[in-house]
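Colleague: I have a new model open and would like to learn how to read it. Can you take me through it step by step?

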Amino acid sequence: MNNVLRNIMYEKGADIVRYVDISELPLEQTQGFTKAIIFCLALSKRFIINTFNNIQMAHDEYLEKDQKVNELAE
């Protein structure tokens, strides 16, 4: 099951997918779950360099990736 879900996340655009043990966290945070899925989408090198240099870009890659992360989380 882990590989199936991981493959789906990669197919939908995730760059990194990991499973983590959250059993040591407080119950009110974990809602009884013992594991969590962590995933991310990478920002382009160009975007990071431009942001570091305070250069505005025509379209905001961050907002685009943020929207995609929300879609994947659903």
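Colleague: Where is the place of Tyr 19?

Modeller: This is a predicted model. Tyr 19 sits in strand 1, residues 16-21.

Colleague: Is Tyr 19 buried, partly exposed or exposed?

Modeller: Read the relative accessible area. Under 20% is buried, over 50% is exposed, and partly exposed lies in between. Tyr 19 has 25%, so it is partly exposed.

Colleague: Which residues is Tyr 19 in contact with, neighbours within four places aside?

Modeller: They are Asn 2, Leu 5, Arg 6, Ala 36 and Ile 37. Take Ile 37. It is 18 residues from Tyr 19 along the chain, yet their C-alpha atoms are separated by 4.7 Å.

Colleague: What does the side chain of Tyr 19 reach at 2.6 Å?

Modeller: The backbone oxygen of Asn 2. A polar atom of that Tyr 19 side chain also lies 3.5 Å from the backbone nitrogen of Arg 6.

Colleague: How much of the chain is buried?

Modeller: Buried residues are 15% of the 74. The accessible surface is about 6,200 Å², and carbon and sulfur atoms hold 55% of that.

Colleague: Which residues make up the largest nonpolar core?

Modeller: Six residues: Met 9, Ala 14, Val 17, Phe 39, Leu 41 and Leu 72. Look at Ala 14. Leaving out neighbours within four places, Ala 14 is in contact with Met 9, Phe 39, Cys 40, Leu 41 and Leu 72.

Colleague: How should I read phi?

Modeller: Most residues other than glycine have a negative phi.

Colleague: What is phi of Gln 31, and where does Gln 31 lie?

Modeller: Phi is near 55°, a positive value in a residue other than glycine. Gln 31 lies in the loop between helix 2 (27-30) and strand 2 (35-40). Gln 31 is exposed, at 65% relative accessible area. Asn 54 also has a positive phi, near 60°. Its loop runs between helix 3 (45-52) and helix 4. Asn 54 is exposed too, at 67%.

Colleague: In helix 2, is Thr 30 buried or exposed?

Modeller: Buried. Its relative accessible area is 6%. Beyond residues up to four places away, Thr 30 touches Ile 22 and Leu 25.

Colleague: Which residue caps the N-terminal end of helix 4?

Modeller: Asp 60. A side-chain oxygen of Asp 60 lies 3.0 Å from the backbone nitrogen of Tyr 62.

Key. Residues are numbered from 1 along each chain as its sequence is written. This is a predicted model: local features need pLDDT of at least 70, side-chain atom pairs count only at pLDDT 80 or more; totals for chains, interfaces and linings use all residues. Side-chain values use heavy atoms; hydrogens and water are left out. A polar contact is a pair of N or O atoms within 3.5 Å; within protein, one must be able to donate a hydrogen and the other to accept it, and residues adjacent in sequence count only if both atoms are side-chain atoms. Helices (H or I, at least four residues) and strands (E, at least two) are DSSP runs, numbered from the N terminus. Buried means under 20% relative accessible area, exposed over 50%, partly exposed in between (1.4 Å probe, protein chains only). Accessible areas come from the Shrake-Rupley method with a 1.4 Å probe; for residues, only the protein chains shown count as cover. Contact means heavy atoms within 4.5 Å. A nonpolar core is a set of buried Ala, Val, Leu, Ile, Met, Phe, Trp, Tyr and Cys residues joined through side-chain atoms within 4.5 Å.
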